[in-house]
Amino acid sequence: MSHAPRIDDARLQRLFAEESDRFARAHPRAAQLATRAGGSLVGGVPMSWMQRWASPVPPYAASARGATITDIDGHQYLDLALGDTAAMAGHAPAPLTRAIAAQLENGATTMLPSEAAIDAAEELTRRFGLPLWQLCLTATDANRFVLRIARAVTKRPKVLVHNWCYHGTVDETFAIAAPGGSAGAAQTRPGNTGPQVDPSVTTRVVEINDLVATEAALAAGDVAAILIEPALTNIGIVLPDPGYHAALRTLATKYGALLIADETHTISLGPGGATAAWSLQPDLLVIGKAIAGGLPGAAYGMRRELAEQIAAELKRDEIDTGGIGGTVSGSVLSAVAIRTTLREVLTDDAFPQMIATASRWADGAEEVFTRRSVGWSVTRLGARAEYHFTPEAPRSGGEAAAAVHHEMERYLHLHALNRGIIMTPFHNMALFSPATPSSAADQHSEALDAAVATLIEGGALVV
Ligand SMILES: Cc1ncc(COP(=O)(O)O)c(C=O)c1O
(Lines give C-alpha, C1' and ligand atoms only; values in the text may rest on other atoms or scores of the structure.)
Protein backbone atom coordinates (compact mmCIF):
# COMPACT_ATOMS: atom_id res chain seq x y z
CA MET A 1 0.00 0.00 0.00
CA SER A 2 1.18 3.56 -0.75
CA HIS A 3 1.83 5.90 2.14
CA ALA A 4 0.03 9.22 2.57
CA PRO A 5 1.86 11.82 0.49
CA ARG A 6 3.30 14.92 2.13
CA ILE A 7 1.50 18.13 1.19
CA ASP A 8 3.64 21.19 0.43
CA ASP A 9 1.34 24.04 1.42
CA ALA A 10 3.21 26.85 -0.36
CA ARG A 11 3.28 24.98 -3.69
CA LEU A 12 -0.35 24.01 -3.25
CA GLN A 13 -1.22 27.67 -2.78
CA ARG A 14 0.52 28.57 -6.06
CA LEU A 15 -1.38 25.89 -7.99
CA PHE A 16 -4.61 27.05 -6.35
CA ALA A 17 -3.97 30.63 -7.47
CA GLU A 18 -3.59 29.40 -11.09
CA GLU A 19 -6.94 27.61 -10.90
CA SER A 20 -8.56 30.69 -9.32
CA ASP A 21 -7.34 32.84 -12.24
CA ARG A 22 -8.64 30.31 -14.71
CA PHE A 23 -12.06 30.35 -13.03
CA ALA A 24 -12.17 34.16 -12.86
CA ARG A 25 -11.35 34.49 -16.59
CA ALA A 26 -14.18 32.11 -17.51
CA HIS A 27 -16.86 33.58 -15.21
CA PRO A 28 -17.24 37.33 -15.85
CA ARG A 29 -21.02 37.31 -15.33
CA ALA A 30 -20.73 35.45 -12.02
CA ALA A 31 -18.23 38.12 -10.89
CA GLN A 32 -20.70 40.88 -11.81
CA LEU A 33 -23.52 39.19 -9.90
CA ALA A 34 -21.28 38.58 -6.89
CA THR A 35 -20.45 42.29 -6.76
CA ARG A 36 -24.12 43.20 -6.95
CA ALA A 37 -25.04 40.54 -4.33
CA GLY A 38 -22.64 42.15 -1.88
CA GLY A 39 -24.99 45.17 -1.77
CA SER A 40 -28.02 43.30 -0.45
CA LEU A 41 -27.07 39.86 0.83
CA VAL A 42 -24.99 39.23 3.91
CA GLY A 43 -21.64 37.94 2.65
CA GLY A 44 -23.02 38.22 -0.91
CA VAL A 45 -25.00 34.98 -0.60
CA PRO A 46 -28.53 34.02 0.48
CA MET A 47 -27.20 31.52 3.04
CA SER A 48 -23.87 31.87 4.78
CA TRP A 49 -22.45 28.43 3.90
CA MET A 50 -22.58 29.35 0.19
CA GLN A 51 -19.47 31.43 0.88
CA ARG A 52 -17.53 28.19 1.09
CA TRP A 53 -17.31 27.45 -2.63
CA ALA A 54 -13.70 26.90 -3.68
CA SER A 55 -13.93 29.39 -6.55
CA PRO A 56 -13.24 33.13 -6.11
CA VAL A 57 -16.98 33.74 -6.55
CA PRO A 58 -19.62 31.01 -6.63
CA PRO A 59 -20.85 29.86 -10.03
CA TYR A 60 -24.44 31.11 -10.44
CA ALA A 61 -26.87 28.49 -11.72
CA ALA A 62 -29.04 29.36 -14.71
CA SER A 63 -30.70 25.94 -14.83
CA ALA A 64 -30.39 22.44 -13.44
CA ARG A 65 -31.75 19.36 -15.24
CA GLY A 66 -30.98 15.74 -14.53
CA ALA A 67 -27.35 15.64 -13.39
CA THR A 68 -26.35 18.80 -15.26
CA ILE A 69 -26.14 22.37 -14.01
CA THR A 70 -25.69 25.21 -16.49
CA ASP A 71 -24.32 28.44 -15.08
CA ILE A 72 -24.99 32.01 -16.17
CA ASP A 73 -21.63 32.14 -17.94
CA GLY A 74 -22.80 29.28 -20.15
CA HIS A 75 -20.70 26.47 -18.64
CA GLN A 76 -22.17 23.04 -18.09
CA TYR A 77 -21.28 20.96 -15.05
CA LEU A 78 -21.72 17.33 -14.15
CA ASP A 79 -23.35 17.72 -10.73
CA LEU A 80 -21.95 15.20 -8.25
CA ALA A 81 -23.13 17.31 -5.30
CA LEU A 82 -26.85 17.07 -6.10
CA GLY A 83 -27.73 19.73 -3.56
CA ASP A 84 -25.93 17.74 -0.85
CA THR A 85 -28.57 15.00 -1.30
CA ALA A 86 -31.62 17.28 -1.56
CA ALA A 87 -31.50 16.77 -5.35
CA MET A 88 -30.54 13.08 -5.22
CA ALA A 89 -33.58 12.37 -7.43
CA GLY A 90 -31.87 14.47 -10.12
CA HIS A 91 -32.81 18.04 -10.99
CA ALA A 92 -36.31 18.73 -12.26
CA PRO A 93 -37.43 15.10 -12.74
CA ALA A 94 -40.43 15.16 -15.09
CA PRO A 95 -42.95 13.31 -12.85
CA LEU A 96 -42.24 15.70 -9.97
CA THR A 97 -42.39 18.83 -12.12
CA ARG A 98 -45.79 17.70 -13.47
CA ALA A 99 -47.18 16.70 -10.06
CA ILE A 100 -46.10 19.92 -8.37
CA ALA A 101 -47.47 22.11 -11.16
CA ALA A 102 -50.80 20.26 -10.94
CA GLN A 103 -50.93 20.57 -7.16
CA LEU A 104 -50.13 24.29 -7.26
CA GLU A 105 -53.19 24.73 -9.47
CA ASN A 106 -55.18 23.18 -6.62
CA GLY A 107 -53.58 24.94 -3.67
CA ALA A 108 -50.30 24.57 -1.80
CA THR A 109 -51.41 24.54 1.82
CA THR A 110 -54.77 24.42 3.59
CA MET A 111 -54.36 23.32 7.24
CA LEU A 112 -56.17 20.12 6.21
CA PRO A 113 -54.76 16.62 5.80
CA SER A 114 -54.47 15.14 2.32
CA GLU A 115 -54.60 11.74 0.66
CA ALA A 116 -51.08 12.43 -0.62
CA ALA A 117 -49.82 12.41 2.98
CA ILE A 118 -51.36 8.97 3.55
CA ASP A 119 -49.74 7.70 0.34
CA ALA A 120 -46.39 9.14 1.41
CA ALA A 121 -46.59 7.58 4.88
CA GLU A 122 -47.58 4.18 3.48
CA GLU A 123 -44.62 4.26 1.12
CA LEU A 124 -42.28 5.22 3.97
CA THR A 125 -43.59 2.26 5.99
CA ARG A 126 -43.03 -0.09 3.06
CA ARG A 127 -39.42 1.08 2.81
CA PHE A 128 -38.34 1.54 6.41
CA GLY A 129 -40.72 -0.72 8.34
CA LEU A 130 -41.83 1.78 10.99
CA PRO A 131 -45.64 1.95 11.04
CA LEU A 132 -46.47 5.58 11.88
CA TRP A 133 -45.20 8.86 10.40
CA GLN A 134 -45.35 12.63 10.63
CA LEU A 135 -44.40 15.03 7.86
CA CYS A 136 -42.41 18.21 8.29
CA LEU A 137 -40.22 20.42 6.13
CA THR A 138 -36.57 19.66 6.87
CA ALA A 139 -34.46 16.93 8.39
CA THR A 140 -33.36 19.47 10.99
CA ASP A 141 -36.97 19.91 12.07
CA ALA A 142 -37.53 16.17 12.11
CA ASN A 143 -34.49 15.66 14.34
CA ARG A 144 -35.58 18.38 16.72
CA PHE A 145 -39.06 16.87 16.94
CA VAL A 146 -37.92 13.30 17.58
CA LEU A 147 -35.61 14.52 20.35
CA ARG A 148 -38.58 16.21 22.02
CA ILE A 149 -40.58 13.01 21.69
CA ALA A 150 -37.73 10.96 23.16
CA ARG A 151 -37.43 13.27 26.15
CA ALA A 152 -41.21 13.33 26.65
CA VAL A 153 -41.45 9.57 26.63
CA THR A 154 -38.35 8.66 28.64
CA LYS A 155 -38.41 11.69 30.98
CA ARG A 156 -34.64 11.86 30.59
CA PRO A 157 -32.59 14.94 29.67
CA LYS A 158 -29.61 13.87 27.56
CA VAL A 159 -28.91 13.01 23.95
CA LEU A 160 -26.07 10.74 22.84
CA VAL A 161 -24.47 11.41 19.45
CA HIS A 162 -21.41 10.36 17.45
CA ASN A 163 -18.28 12.47 17.50
CA TRP A 164 -18.28 14.85 14.47
CA CYS A 165 -21.87 14.04 13.62
CA TYR A 166 -24.10 16.42 11.70
CA HIS A 167 -27.89 16.26 11.96
CA GLY A 168 -28.76 19.76 10.78
CA THR A 169 -28.87 22.84 12.98
CA VAL A 170 -30.00 20.96 16.07
CA ASP A 171 -28.47 22.63 19.13
CA GLU A 172 -27.72 19.49 21.15
CA THR A 173 -25.86 17.89 18.25
CA PHE A 174 -23.34 20.72 17.86
CA ALA A 175 -20.98 18.85 20.14
CA ILE A 176 -17.72 16.97 19.84
CA ALA A 177 -15.92 14.77 22.32
CA ALA A 178 -14.13 16.67 25.09
CA PRO A 179 -10.54 15.46 25.22
CA GLY A 180 -9.62 13.74 28.47
CA GLY A 181 -13.19 13.96 29.78
CA SER A 182 -15.27 11.15 31.27
CA ALA A 183 -17.05 8.72 28.92
CA GLY A 184 -19.25 10.75 26.62
CA ALA A 185 -18.05 14.16 27.84
CA ALA A 186 -18.99 16.81 25.27
CA GLN A 187 -17.77 20.24 24.33
CA THR A 188 -19.07 22.71 21.80
CA ARG A 189 -18.14 22.13 18.19
CA PRO A 190 -15.82 24.71 16.57
CA GLY A 191 -17.86 27.39 14.81
CA ASN A 192 -21.04 26.72 16.83
CA THR A 193 -22.67 30.15 16.49
CA GLY A 194 -23.94 31.48 19.78
CA PRO A 195 -23.94 28.78 21.11
CA GLN A 196 -27.63 28.48 21.97
CA VAL A 197 -27.07 25.86 24.63
CA ASP A 198 -24.01 24.43 26.32
CA PRO A 199 -23.71 20.94 24.82
CA SER A 200 -21.80 19.69 27.85
CA VAL A 201 -25.16 19.97 29.66
CA THR A 202 -27.39 18.41 27.00
CA THR A 203 -25.22 15.92 25.18
CA ARG A 204 -22.93 12.92 25.44
CA VAL A 205 -20.55 12.25 22.57
CA VAL A 206 -18.91 8.95 21.67
CA GLU A 207 -17.04 7.71 18.63
CA ILE A 208 -18.88 5.54 16.13
CA ASN A 209 -17.64 1.95 16.58
CA ASP A 210 -16.68 2.49 20.25
CA LEU A 211 -19.15 0.31 22.09
CA VAL A 212 -17.23 0.39 25.37
CA ALA A 213 -17.46 4.19 25.57
CA THR A 214 -21.10 4.03 24.46
CA GLU A 215 -22.00 1.67 27.27
CA ALA A 216 -20.16 3.85 29.79
CA ALA A 217 -21.97 6.95 28.50
CA LEU A 218 -25.36 5.23 28.82
CA ALA A 219 -24.73 3.73 32.24
CA ALA A 220 -25.86 6.82 34.21
CA GLY A 221 -29.37 6.17 32.89
CA ASP A 222 -30.01 9.79 31.84
CA VAL A 223 -29.85 9.41 28.05
CA ALA A 224 -33.23 9.82 26.36
CA ALA A 225 -32.05 9.06 22.85
CA ILE A 226 -29.12 7.85 20.82
CA LEU A 227 -29.30 9.91 17.61
CA ILE A 228 -27.06 8.55 14.88
CA GLU A 229 -26.46 8.37 11.20
CA PRO A 230 -26.03 4.63 10.49
CA ALA A 231 -22.74 5.62 8.82
CA LEU A 232 -21.20 9.04 9.36
CA THR A 233 -21.45 11.06 6.17
CA ASN A 234 -20.68 14.58 7.25
CA ILE A 235 -17.03 14.31 8.21
CA GLY A 236 -16.30 12.14 5.25
CA ILE A 237 -17.92 8.74 5.21
CA VAL A 238 -17.12 6.54 8.21
CA LEU A 239 -18.62 3.06 8.06
CA PRO A 240 -19.82 1.02 11.03
CA ASP A 241 -17.87 -2.10 11.95
CA PRO A 242 -19.61 -5.43 11.36
CA GLY A 243 -21.89 -6.10 14.34
CA TYR A 244 -21.80 -2.49 15.56
CA HIS A 245 -25.47 -1.75 14.97
CA ALA A 246 -26.74 -4.94 16.54
CA ALA A 247 -24.67 -4.21 19.64
CA LEU A 248 -25.87 -0.60 19.73
CA ARG A 249 -29.48 -1.78 19.58
CA THR A 250 -28.81 -4.11 22.52
CA LEU A 251 -27.21 -1.30 24.54
CA ALA A 252 -30.07 1.11 23.81
CA THR A 253 -32.61 -1.43 25.04
CA LYS A 254 -30.51 -2.40 28.09
CA TYR A 255 -30.20 1.21 29.26
CA GLY A 256 -33.67 2.40 28.26
CA ALA A 257 -32.58 4.94 25.60
CA LEU A 258 -34.50 5.30 22.34
CA LEU A 259 -32.53 4.63 19.17
CA ILE A 260 -33.01 7.15 16.36
CA ALA A 261 -31.66 6.52 12.86
CA ASP A 262 -31.15 9.67 10.79
CA GLU A 263 -31.32 8.25 7.26
CA THR A 264 -31.16 11.60 5.49
CA HIS A 265 -27.91 10.71 3.73
CA THR A 266 -27.76 6.94 4.19
CA ILE A 267 -30.74 6.50 1.88
CA SER A 268 -27.91 6.18 -0.64
CA LEU A 269 -27.69 2.53 0.45
CA GLY A 270 -31.02 1.68 -1.15
CA PRO A 271 -34.74 2.48 -1.20
CA GLY A 272 -35.04 1.73 2.55
CA GLY A 273 -31.68 3.23 3.50
CA ALA A 274 -29.41 1.51 6.01
CA THR A 275 -32.45 0.37 8.00
CA ALA A 276 -33.47 -1.99 5.21
CA ALA A 277 -29.98 -2.68 3.81
CA TRP A 278 -28.44 -3.55 7.19
CA SER A 279 -31.59 -4.77 9.01
CA LEU A 280 -31.52 -2.05 11.66
CA GLN A 281 -34.24 -1.73 14.28
CA PRO A 282 -34.52 1.93 15.27
CA ASP A 283 -37.31 3.17 17.52
CA LEU A 284 -37.57 6.36 15.50
CA LEU A 285 -36.34 7.28 12.03
CA VAL A 286 -35.68 10.62 10.41
CA ILE A 287 -35.41 11.35 6.72
CA GLY A 288 -35.35 14.60 4.78
CA LYS A 289 -33.79 16.11 1.68
CA ALA A 290 -33.94 13.43 -1.06
CA ILE A 291 -37.47 12.23 -0.38
CA ALA A 292 -39.08 15.47 -1.57
CA GLY A 293 -37.00 15.79 -4.74
CA GLY A 294 -35.43 19.11 -3.72
CA LEU A 295 -38.60 20.69 -2.34
CA PRO A 296 -39.07 21.25 1.39
CA GLY A 297 -40.27 17.94 2.79
CA ALA A 298 -39.10 15.55 5.50
CA ALA A 299 -40.57 12.84 7.70
CA TYR A 300 -40.10 10.97 10.93
CA GLY A 301 -41.42 7.54 11.73
CA MET A 302 -41.91 5.68 14.98
CA ARG A 303 -43.01 2.46 16.62
CA ARG A 304 -46.71 2.23 17.46
CA GLU A 305 -46.16 2.10 21.24
CA LEU A 306 -44.28 5.39 21.09
CA ALA A 307 -47.12 7.05 19.22
CA GLU A 308 -49.50 5.80 21.90
CA GLN A 309 -47.29 7.09 24.70
CA ILE A 310 -47.09 10.51 23.07
CA ALA A 311 -50.84 10.60 22.50
CA ALA A 312 -51.35 9.93 26.21
CA GLU A 313 -49.16 12.94 27.06
CA LEU A 314 -50.56 15.45 24.61
CA LYS A 315 -53.31 17.84 25.54
CA ARG A 316 -55.53 18.56 22.55
CA ASP A 317 -55.82 22.26 23.36
CA GLU A 318 -52.05 22.72 23.50
CA ILE A 319 -51.04 20.50 20.61
CA ASP A 320 -50.38 23.43 18.26
CA THR A 321 -47.90 25.11 20.58
CA GLY A 322 -46.10 22.09 22.01
CA GLY A 323 -42.88 22.67 20.13
CA ILE A 324 -43.60 20.20 17.34
CA GLY A 325 -44.94 21.66 14.16
CA GLY A 326 -44.67 24.50 11.69
CA THR A 327 -47.46 26.15 9.76
CA VAL A 328 -46.64 24.61 6.40
CA SER A 329 -45.33 21.31 7.82
CA GLY A 330 -47.37 18.45 6.43
CA SER A 331 -48.75 20.67 3.65
CA VAL A 332 -50.26 18.97 0.66
CA LEU A 333 -47.51 20.35 -1.59
CA SER A 334 -44.85 18.73 0.53
CA ALA A 335 -46.79 15.46 0.67
CA VAL A 336 -47.21 15.41 -3.11
CA ALA A 337 -43.47 16.02 -3.49
CA ILE A 338 -42.64 13.08 -1.21
CA ARG A 339 -45.21 10.75 -2.76
CA THR A 340 -44.13 11.49 -6.30
CA THR A 341 -40.39 11.38 -5.64
CA LEU A 342 -40.61 8.03 -3.85
CA ARG A 343 -43.14 6.37 -6.13
CA GLU A 344 -41.92 7.65 -9.48
CA VAL A 345 -38.29 8.82 -9.30
CA LEU A 346 -36.21 7.35 -6.46
CA THR A 347 -37.88 4.00 -7.00
CA ASP A 348 -36.59 0.55 -6.03
CA ASP A 349 -35.63 0.03 -9.68
CA ALA A 350 -33.56 3.22 -9.81
CA PHE A 351 -31.02 2.23 -7.15
CA PRO A 352 -28.99 -0.58 -8.81
CA GLN A 353 -27.83 1.73 -11.61
CA MET A 354 -27.07 4.60 -9.19
CA ILE A 355 -25.04 2.27 -6.98
CA ALA A 356 -23.20 0.76 -9.97
CA THR A 357 -22.13 4.22 -11.14
CA ALA A 358 -20.99 5.18 -7.62
CA SER A 359 -18.99 1.99 -7.48
CA ARG A 360 -17.37 2.76 -10.84
CA TRP A 361 -16.53 6.25 -9.56
CA ALA A 362 -14.90 4.72 -6.46
CA ASP A 363 -12.95 2.18 -8.56
CA GLY A 364 -11.76 5.02 -10.78
CA ALA A 365 -10.54 7.11 -7.84
CA GLU A 366 -8.76 4.09 -6.35
CA GLU A 367 -7.05 3.40 -9.67
CA VAL A 368 -5.81 7.00 -9.86
CA PHE A 369 -4.38 6.82 -6.33
CA THR A 370 -2.69 3.46 -7.02
CA ARG A 371 -1.27 4.53 -10.41
CA ARG A 372 0.11 7.76 -8.94
CA SER A 373 1.33 6.09 -5.69
CA VAL A 374 -0.79 8.41 -3.61
CA GLY A 375 -1.85 6.74 -0.34
CA TRP A 376 -5.42 8.02 -0.19
CA SER A 377 -8.47 5.84 0.46
CA VAL A 378 -12.00 5.62 -0.91
CA THR A 379 -15.15 4.74 1.05
CA ARG A 380 -18.39 3.54 -0.53
CA LEU A 381 -21.94 3.91 0.75
CA GLY A 382 -24.27 2.68 -1.99
CA ALA A 383 -25.00 5.54 -4.38
CA ARG A 384 -22.39 7.81 -2.75
CA ALA A 385 -18.65 7.53 -2.29
CA GLU A 386 -15.87 9.68 -0.95
CA TYR A 387 -12.09 9.79 -0.81
CA HIS A 388 -9.99 10.60 2.25
CA PHE A 389 -6.43 11.90 2.50
CA THR A 390 -5.37 8.82 4.50
CA PRO A 391 -4.11 5.41 3.35
CA GLU A 392 -6.79 3.63 5.41
CA ALA A 393 -10.40 4.77 5.62
CA PRO A 394 -11.01 6.44 9.02
CA ARG A 395 -12.88 4.33 11.59
CA SER A 396 -14.11 7.17 13.76
CA GLY A 397 -15.24 10.77 13.47
CA GLY A 398 -12.11 11.89 15.30
CA GLU A 399 -9.86 10.10 12.81
CA ALA A 400 -11.83 11.52 9.89
CA ALA A 401 -11.64 15.07 11.31
CA ALA A 402 -7.88 14.73 11.76
CA ALA A 403 -7.55 13.76 8.07
CA VAL A 404 -9.28 16.88 6.75
CA HIS A 405 -7.00 19.19 4.76
CA HIS A 406 -9.08 22.20 3.75
CA GLU A 407 -6.60 23.65 1.23
CA MET A 408 -6.13 20.35 -0.59
CA GLU A 409 -9.89 19.84 -0.66
CA ARG A 410 -10.40 23.35 -2.06
CA TYR A 411 -7.80 22.79 -4.77
CA LEU A 412 -9.35 19.50 -5.89
CA HIS A 413 -12.83 21.02 -5.93
CA LEU A 414 -11.74 24.05 -7.92
CA HIS A 415 -9.72 21.94 -10.36
CA ALA A 416 -12.81 19.75 -10.90
CA LEU A 417 -15.08 22.81 -11.25
CA ASN A 418 -12.77 24.21 -13.94
CA ARG A 419 -13.14 20.89 -15.80
CA GLY A 420 -16.94 20.85 -15.59
CA ILE A 421 -17.51 18.79 -12.44
CA ILE A 422 -19.18 19.92 -9.20
CA MET A 423 -18.13 17.91 -6.15
CA THR A 424 -20.08 18.10 -2.87
CA PRO A 425 -18.68 21.18 -1.12
CA PHE A 426 -16.97 20.60 2.23
CA HIS A 427 -16.26 16.96 1.31
CA ASN A 428 -14.55 14.87 -1.35
CA MET A 429 -17.87 13.24 -1.95
CA ALA A 430 -19.88 12.28 -5.00
CA LEU A 431 -23.53 11.29 -5.15
CA PHE A 432 -25.38 9.62 -8.02
CA SER A 433 -28.98 10.17 -9.12
CA PRO A 434 -31.20 8.11 -11.42
CA ALA A 435 -30.40 10.73 -14.09
CA THR A 436 -26.60 10.54 -13.74
CA PRO A 437 -25.05 8.77 -16.75
CA SER A 438 -22.55 5.99 -16.03
CA SER A 439 -20.00 7.99 -18.08
CA ALA A 440 -19.95 10.42 -15.12
CA ALA A 441 -17.65 8.08 -13.23
CA ASP A 442 -15.02 8.06 -15.98
CA GLN A 443 -15.32 11.81 -16.51
CA HIS A 444 -14.44 12.29 -12.86
CA SER A 445 -11.58 9.74 -12.90
CA GLU A 446 -9.95 11.56 -15.83
CA ALA A 447 -10.23 14.94 -14.12
CA LEU A 448 -8.97 13.54 -10.81
CA ASP A 449 -6.00 11.94 -12.55
CA ALA A 450 -5.13 15.26 -14.18
CA ALA A 451 -5.39 17.05 -10.81
CA VAL A 452 -3.20 14.54 -9.00
CA ALA A 453 -0.63 14.59 -11.82
CA THR A 454 -0.47 18.40 -11.65
CA LEU A 455 -0.12 18.31 -7.86
CA ILE A 456 2.78 15.85 -8.11
CA GLU A 457 4.52 17.68 -10.97
CA GLY A 458 4.05 21.00 -9.18
CA GLY A 459 5.63 19.58 -6.01
CA ALA A 460 2.47 20.13 -3.94
CA LEU A 461 2.09 16.38 -3.37
CA VAL A 462 5.30 14.60 -2.45
CA VAL A 463 4.71 10.86 -2.94
C1 LIG B 1 -27.58 13.38 8.31
C2 LIG B 1 -28.24 14.71 8.22
N3 LIG B 1 -29.34 14.94 8.94
C4 LIG B 1 -29.97 16.11 8.88
C5 LIG B 1 -29.51 17.13 8.08
C6 LIG B 1 -30.25 18.44 8.02
O7 LIG B 1 -30.88 18.60 6.82
P8 LIG B 1 -31.56 20.02 6.50
O9 LIG B 1 -30.41 20.99 6.46
O10 LIG B 1 -32.21 19.83 5.19
O11 LIG B 1 -32.48 20.31 7.60
C12 LIG B 1 -28.37 16.94 7.32
C13 LIG B 1 -27.84 18.02 6.47
O14 LIG B 1 -26.79 17.95 5.88
C15 LIG B 1 -27.72 15.69 7.39
O16 LIG B 1 -26.62 15.45 6.67
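The side chains of Asn192 and Thr188 are joined by a polar contact of 2.7 Å. A polar contact is a pair of N or O atoms within 3.5 Å; within protein, one must be able to donate a hydrogen and the other to accept it, and residues adjacent in sequence count only if both atoms are side-chain atoms. The model is predicted, so local features need pLDDT of at least 70 and side-chain atom pairs count only at pLDDT 80 or more, while totals for chains, interfaces and linings use all residues. Residues are numbered from 1 along each chain as its sequence is written, and side-chain values use heavy atoms, with hydrogens and water left out.

Asn192 sits in the loop between strand 8 (186-188) and helix 6 (199-202). Helices (H or I, at least four residues) and strands (E, at least two) are DSSP runs, numbered from the N terminus. The relative accessible area of Asn192 is 16%, so this residue is buried. Buried means under 20% relative accessible area, exposed over 50%, and partly exposed in between (1.4 Å probe, protein chains only).

Most residues other than glycine have a negative phi. Asp84 is not a glycine, yet its phi is positive, about 45°. Asp84 belongs to the loop between strand 4 (76-79) and helix 3 (94-105). With 24% relative accessibility, Asp84 is partly exposed. Asn209 also is not a glycine and has a positive phi, about 75°. The loop between strand 9 (203-206) and helix 7 (211-218) holds Asn209. Asn209 has a relative accessible area of 12% and is therefore buried.

One of Asn234 lies 2.9 Å from a ligand oxygen atom. One of Asp262 lies 2.6 Å from a ligand nitrogen atom. One of Lys289 lies 2.6 Å from an oxygen atom of the ligand. On its own the ligand has 390 Å² of accessible area, and the protein covers 84% of this. Accessible areas come from the Shrake-Rupley method with a 1.4 Å probe; for residues, only the protein chains shown count as cover.

Aromatic rings were examined next. Across the whole structure, a search finds ten aromatic pairs. Rings of Phe, Tyr and Trp (its six-membered ring) pair if their centres lie within 6.5 Å; planes under 30 degrees apart count as stacked, over 60 as edge-to-face and the rest as tilted. Phe369 and Trp376 form an edge-to-face pair, with 5.5 Å between centres and 75° between planes. Phe369 is buried at 2% relative accessibility. Trp376 is buried at 6%. The pair of Trp376 and Phe389 is tilted, because the ring centres lie 4.6 Å apart and the planes meet at 55°. Trp376 is in the loop between helix 12 (351-371) and strand 14 (377-381), and Phe389 is in the loop between strand 15 (384-388) and helix 13 (397-402), so this pair ties together parts 13 residues apart in sequence. Phe389, like Trp376, is buried. One aromatic cluster is formed by Trp361, Phe369, Trp376, Tyr387, Phe389 and Phe432.
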